[in-house]
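I opened the notebook to record what I looked up in this structure. The entries follow in the order I made them.

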Amino acid sequence: MRTDAATVSGQGLIVPGSDRLDLPEYPKPEPGNHPPLDFAGYKSTGLRHPQQPLVLLPQRLTEVTGPLLGDGLITMQDADLTTQHAGEPQGQRIIVFGQVRDSGGRPVPDTLIEIWQTNAAGRYRHTREHHPAPLDPNFTGIGRAITDSGGRYRFITIQPGSYPWGNHYNAWRPAHIHFSLWGRAFTQRLVTQMYFPGDPLLPFDPIYNSVPDDKAKAGMVAEFSLDDTQPEWALAYRFDIVLRGRRQSVFEEHGFEEHRFEEHRFEEHRFEEHGA
Amino acid sequence: MSEPLTPSQTVGPYFAMRLPFAEGPYVVPPGTPGALVIYGRLYDGAGDPIPDGLIETWQADPRGRFAHPDDPRGPVPDGDLSFRGFGRCPTGHDGTFRIVTLKPGPLPFGDGRTEAPHINVSVLGRGMLDRSVTRVYFPDEAGANDEDPVLRLVPEHRRRTLVAVPAGVNEETGQTLLRFDIRMQGDRETVFFDL
């Protein structure tokens with residue numbers, strides 16, 4: 001790809017007379033930040049993890065781009081899980097809110113968050129679910145939201161319940177909400193689970209404990225917030241989500257220093273936030 | 001020192017409540033001229049189909065462009081933003097999935113070389129604590145595949161796991177069919193990438 005003049009379009013650069021593409025980089029997570037694909041405590045991983053060595057994939061155009069909501073793919077938001085039916089669902093009403101940012105601290109705006117969870121009794125509304133707990137005709141347990149310019153989101157839902165599963169004798173999942181995020185690039189795609197502080201099942205759960213790094217693991221536990229709890233109405237939990245960091249590399253021959261470019265970008269974000 | 005990332009966790013079996021959507025498998029609407037169907041099965045290490053997996057795809061448009069601000073080549077020509085590029089399909093009870101799309105164009109790699117047309121794939125499912133990433137390449141691009149800078153990183157005897165297999169034409173729709181099975185383990189384990 002050759003161009004005659006240096007052009008800045010979007011956030012990338014094309015260097016004149018060069019075949020080079022200047023693309024952002026998404027540095028690798030620290031070892032132990034994510035769970036291994038093969039984890040003996042979670043039995044179903046046994047036949048479902050790659051056994052051959054992974055091949056290092058360079059981060060090029062397909063990796064640093066991804067679906068954006070501007071494409072009109074999903075526009076419907078449904079961030080209140082308590083008003084999807086004629087009546088109110090059973091259980092403890094809660095607010096789950098937070099910020100999606102990257103590991104450099106920059107908010108991730110306009111990104112899709114999809115969630116799913118059990119009802120208050122610990123039952124999913126799904127044909128494969130056989131836990132003998134009652135279904136709630138007023139609760140489906142699915143929602144979605146889009147982050148605002150500051151990367152913030154907010155759901156209203158019901159405190160999910162715990163439920164047994166077949167992994168080992170007397171296995172129970174701690175209460176959790178599943179979160180799926182696109183981020184802004186293929187590299188940032190994340191599916192995770194949010195847990196609740198003080199849940200007595202956490203120490204026994206192989207899925208939660210599959211994460212080797214304790215600090216990273218603790219990041220999956222929401223924080224109770226009395227400040228954001230609404231009097232006479234709902235408890236609030238804060239769950240911030242950190243996606244892979246985005247670093248814009250700039251060619252040395254341009255004379256830019258990377259950190260200066262980064263600061264500039266950060267200022268833009270802050271300006272947006274203040275303007276909002 | 002940057003913050004730890006929020007760790008990945010399995011989608012479990014109940015992602016099926018939320019993540020699939022009716023248009024998910026259709027990167028382009030049915031009936032789009034030139035559309036092809038990439039279909040296959042997801043298998044576990046015992047050779048059994050995985051019925052609770054989720055396949056997601058991401059790719060360039062037929063001209064090799066992305067409607068994304070980080071594509072330094074600029075906005076998609078002609079202001080054509082209609083190509084979604086993203087596909088999502090849960091696996092069926094028999095492990096099958098299908099994505100209806102257009103073949104992407106080749107891409108500049110950034111060093112004078114060219115990436116052959118390819119589609120990035122995320123494999124998620126119950127029993128998977130993180131996604132596994134692979135790629136689909138095209139069987140009618142043998143020359144470009146031989147020169148592809150990513151395929152060349154893959155041991156030669158394993159490259160074939162990344163190339164879809166021609167499977168004829170659907171006589172009703174006229175769509176080209178390509179088969180792409182994904183094997184998590186075994187003799188023919190699909191090549192997965194560390195991204």
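**Where two chains meet**

I noted that the model is a predicted one. Within this pairing, I found A:Leu56 opposite B:Asp194, which belongs to strand 12 of chain B.

Next I looked up the whole contact. I counted 82 residues from chain A and 69 residues from chain B in it. On the side of chain B that touches chain A, at least two residues each come from strand 2 (53–59), strand 5 (107–108), strand 7 (118–125), strand 8 (132–137) and strand 12 (193–194) of chain B. Strand 7 of chain B gives the most to that side, namely five residues. I sorted the residues of this side of chain B by type and got 35 nonpolar, 20 polar and 14 charged.

**Chain A by itself**

I listed 17 strands and three helices in chain A. Chain A has 276 residues, and 39% of them count as buried. I then took the contacts in chain A between residues at least 6 apart in sequence: 68% of these join residues at least 24 apart.

**One residue of chain B**

I picked B:Ala116, which sits in the loop between strand 6 (114–115) and strand 7 of chain B. Is B:Ala116 buried or exposed? B:Ala116 is buried, because 22 other C-beta atoms lie within 10 Å and the cut-off is 20 or more. Beyond its neighbours within four places in sequence, B:Ala116 has contacts that include B:Pro106, B:Tyr137 and B:Asp148. I also checked B:Asp146, 30 residues away from B:Ala116 along the chain: their C-alpha atoms are separated by 8.7 Å.

Definitions and conventions: Residues numbered from 1 in each chain as written. Chains lettered and ligands numbered in written order. Predicted model: local features only at pLDDT ≥ 70, side-chain atom pairs only at ≥ 80, totals over all residues. Contact = placed C-beta atoms within 7 Å. Helix = DSSP H or I, 4+ residues; strand = E, 2+ residues; numbered from the N terminus. Nonpolar A, V, L, I, M, F, W, Y, C, P; charged D, E, K, R; others polar. Pairing = 2+ DSSP bridges. Buried ≥ 20, exposed ≤ 12 C-beta atoms within 10 Å, placed from the backbone.
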